[in-house]
Amino acid sequence: MKGNTLVNTNQLSERLSTLSRDQFYDVYKRFDWPTELAHDSFAMSPEITTLYGTNVWSSLNDEQKRKLTICETATLFSNTLNGEKLLVAGLSKQLYSGARATPEITEYLHHFIDEENKHMIMFGIFCNKYVGRIYPDKKFATAKDYAPGEELLSFYALAMVVEAYGDYYNVQVMKDDRCDPLVRDISRVHHLDEARHLSFDRAYLRELAAEYLPTWDEPTLTNFQQWLAGFMRVNWVTFYNPAAYRDAGIPEPYEVQKIALASPTQAALREKISAGVVKFFQKIGLLNAKPDL
Ligand SMILES: [Fe+2]
Ligand SMILES: [Fe+2]
């Protein structure tokens, strides 16, 4: 089992490296950056904003709704950029690090790092140019003493949560002709790279879980599962960003955050977007139940 899955991740890494080289792009030449975003477009599909389905949303006029979609796009792009900073640091540490990083995996990690670096550049330009800032990082507690394999498992589980949630938004926006052409293009570019990252995360996590989880004692496994469920919940809260509500001109942003988090429409959206990752984590043993999102 262990041997087979290792071969699979290596083989997949070779295929992914070939695809990354075929689809290589210069992030500085890939986009034109207009002075302003299109005035007659949303930046994000209204149905996936954090206020959709709440009475706050129905109280906004068309221009406020459009402004909110720009600030929520900046929230998504800032959160992704902040996650990518950690991702690049962790991926760099894994390069040429001995037995785990086979030559095939190491080669793919170079592409992974290159692509995440380009994403940070494009998201950084977008946020600075159209919202005037990058929304700051939220600090998450990570485990201190790791059981064997736990550091890698938690690293790729976090990566997968951030990448899979972000990818849902990218795919919705790139398909939605009500949305601004530049945002749709950035979403498309990100989605193409992320599809490869997510297939790597899945293969590697499956392999690591099969190898290490059977060696952990019960409390270690339970702690890990509780920590992961907690991260998935806290990560969702970062989408409901009071600073973005304020930048969109919405009063009482902290009150609005509470209303939005409590909305049944929003709870259903969070569950829908998380469903694939939850199912996968349950299947490979990283979660033992559906987390409260
Ligand atoms: Fe990315
Ligand atoms: Fe990625």
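In the predicted model, Y96 lies in the loop between α4 and α5, helices (H or I, at least four residues) being DSSP runs numbered from the N terminus. Although Y96 is not a glycine, its phi is positive, at about 50°, and the residue is exposed, with 8 other C-beta atoms within 10 Å. A residue is classed as exposed if 12 or fewer other C-beta atoms, placed from the backbone, lie within 10 Å of its own, as buried if 20 or more do, and as partly exposed in between. A positive phi of about 50° is also found at E252, again not a glycine, which lies in the loop between α9 (242-247) and α10 (253-262); E252 is partly exposed, with 13 other C-beta atoms within 10 Å. Most residues other than glycine have a negative phi.

Residues are numbered from 1 along each chain as its sequence is written, and chains are lettered from A and ligands numbered from 1 in the order in which they are written. Because the model is predicted, local features need pLDDT of at least 70 and side-chain atom pairs count only at pLDDT 80 or more, whereas totals for chains, interfaces and linings use all residues.

Helix α4 (residues 62-94) packs with helix α5 (residues 103-130) at an angle of about 150°, their axes being 8 Å apart, where axes are lines fitted to C-alpha atoms over the stretch in contact and angles run from 0 to 180 degrees between N-to-C directions. This makes α4 roughly antiparallel to α5, a term applied to angles over 145 degrees. The residues of this contact comprise 15 nonpolar, seven polar and three charged, with Asp, Glu, Lys and Arg counted as charged, Ala, Val, Leu, Ile, Met, Phe, Trp, Tyr, Cys and Pro as nonpolar, and the others, Gly among them, as polar.

The axes of α5 and helix α7 (residues 181-212) come within 11 Å and cross at roughly 150°, and these two helices are therefore roughly antiparallel to each other. Their contact, defined by C-beta atoms within 7 Å, involves Y108, F112, E115, H119, M122 and F126 of α5 and I186, H190, D193, H197 and F200 of α7; by class, there are six nonpolar, three polar and two charged residues.

Beyond its neighbours within four places in sequence, L205 is in contact with L153, Y156, A157, M160 and I284.

Definitions and conventions
Two residues are in contact if their C-beta atoms, placed from the backbone, lie within 7 Å. Angles under 35 degrees count as roughly parallel, over 145 as roughly antiparallel, 65 to 115 as roughly perpendicular and the rest as oblique.
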